Amino acid sequence: MTRVLYTGSFDPITKGHMNIVEQACNLFDEVVIAVMQNPLKKDGLFTLEERLEIIRSLYQRVNNVKVIYGTGAAVEVALENECKAIIRGLRGLSDYDYEVQLQQINKDISDGRVNTICLFADKEYQFISSSMVKEVLNLGKDISKYVEPVVEEKMLIKRKEKGLTNGKTN
């Protein structure tokens with residue numbers, strides 16, 4: 001069985017992320033989605049538990065997707081879960097340089113046991129990022145083209161809880 005790891009903070013998971021998962025599911029026996037905490041981003045929209053719940057609900061009927069919480073380096077999570085490779089999504093050329101550096105580090109840390117495979121998001125998803133979706137949400141604009149309905153619903157609830165309306169705090 002060929003198992004691969006797809007890591008991210010997924011705050012929120014977007015249609016772009018889901019496009020990469022779909023591609024990976026068609027190529028590999030099992031895709032392990034590891035929800036990670038980005039140490040550079042202190043305050044997320046969703047807690048780790050909420051992200052896990054959302055992603056699990058999206059993939060509850062997909063047999064070859066497993067959703068976990070990952071801690072530490074992605075390459076360590078890959079090794080712990082017996083993944084042969086880490087999947088990385090590329091939106092465009094701007095992601096490439098970073099991903100090349102990351103794959104070299106990961107290969108070194110894993111003593112060559114974990115490869116990195118880059119998949120390109122389909123063209124309609126190449127501009128979508130979680131940060132962009134959160135910004136559009138904070139502006140009070142429609143986010144339905146960027147996230148699945150369940151994610152949109154949860155984001156709108158969070159927006160209301162945080163008192164954000166049209167980019168301003170109430």
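Analyst: Below, each label is set against its definition.

Analyst: This is a predicted model; local features need pLDDT of at least 70, side-chain atom pairs count only at pLDDT 80 or more, and totals for chains, interfaces and linings use all residues. Residues are numbered from 1 along each chain as its sequence is written, and side-chain values use heavy atoms, with hydrogens and water left out.

User: Why is phenylalanine 10 called buried?

Analyst: Buried means under 20% relative accessible area, exposed over 50%, and partly exposed in between (1.4 Å probe, protein chains only). Phenylalanine 10 has 2% relative accessibility, so it counts as buried.

User: What is the phi of phenylalanine 10, and where does the residue sit?

Analyst: Its phi is positive, about 50 degrees, although phenylalanine 10 is not a glycine. Most residues other than glycine have a negative phi, and most peptide bonds are trans. Phenylalanine 10 sits in the loop between β1 and α1. Helices (H or I, at least four residues) and strands (E, at least two) are DSSP runs, numbered from the N terminus.

User: Which peptide bond is cis?

Analyst: The bond from aspartate 11 to proline 12 is cis, with omega near 5 degrees. Proline 12 belongs to the loop between β1 (3-8) and α1 (15-27).

User: Is glutamate 82 buried or exposed, and how do you know?

Analyst: Glutamate 82 is at 60% relative accessibility, so it counts as exposed. Its phi is also positive, near 55 degrees. Glutamate 82 lies in the loop between α3 (74-80) and β4 (85-90).

User: What makes a space a pocket, and how much space lies in the largest pocket?

Analyst: The search uses a 1 Å grid over the protein atoms alone. A pocket is an open set of points where a 1.4 Å probe fits, with protein on both sides within 12 Å along at least five of seven lines. Lining residues have an atom within 4 Å of a point. Grid points are joined across faces, edges and corners, and the volume is the space filled by probe spheres set on the points. The largest pocket holds about 1,000 Å³. It is lined by 39 residues, and the closest to its centre are Thr7, Gly8, Ser9, Arg88 and Glu99.

User: Which element gives the most to that lining?

Analyst: α4 does, with six residues.

User: Why is threonine 7 called buried, and what does it touch?

Analyst: Threonine 7 has 9% relative accessibility, so it counts as buried. Threonine 7 is in strand β1. It touches Ala34, Met36, Ala74 and Arg88, not counting residues up to four places away in sequence. Contact means heavy atoms within 4.5 Å.
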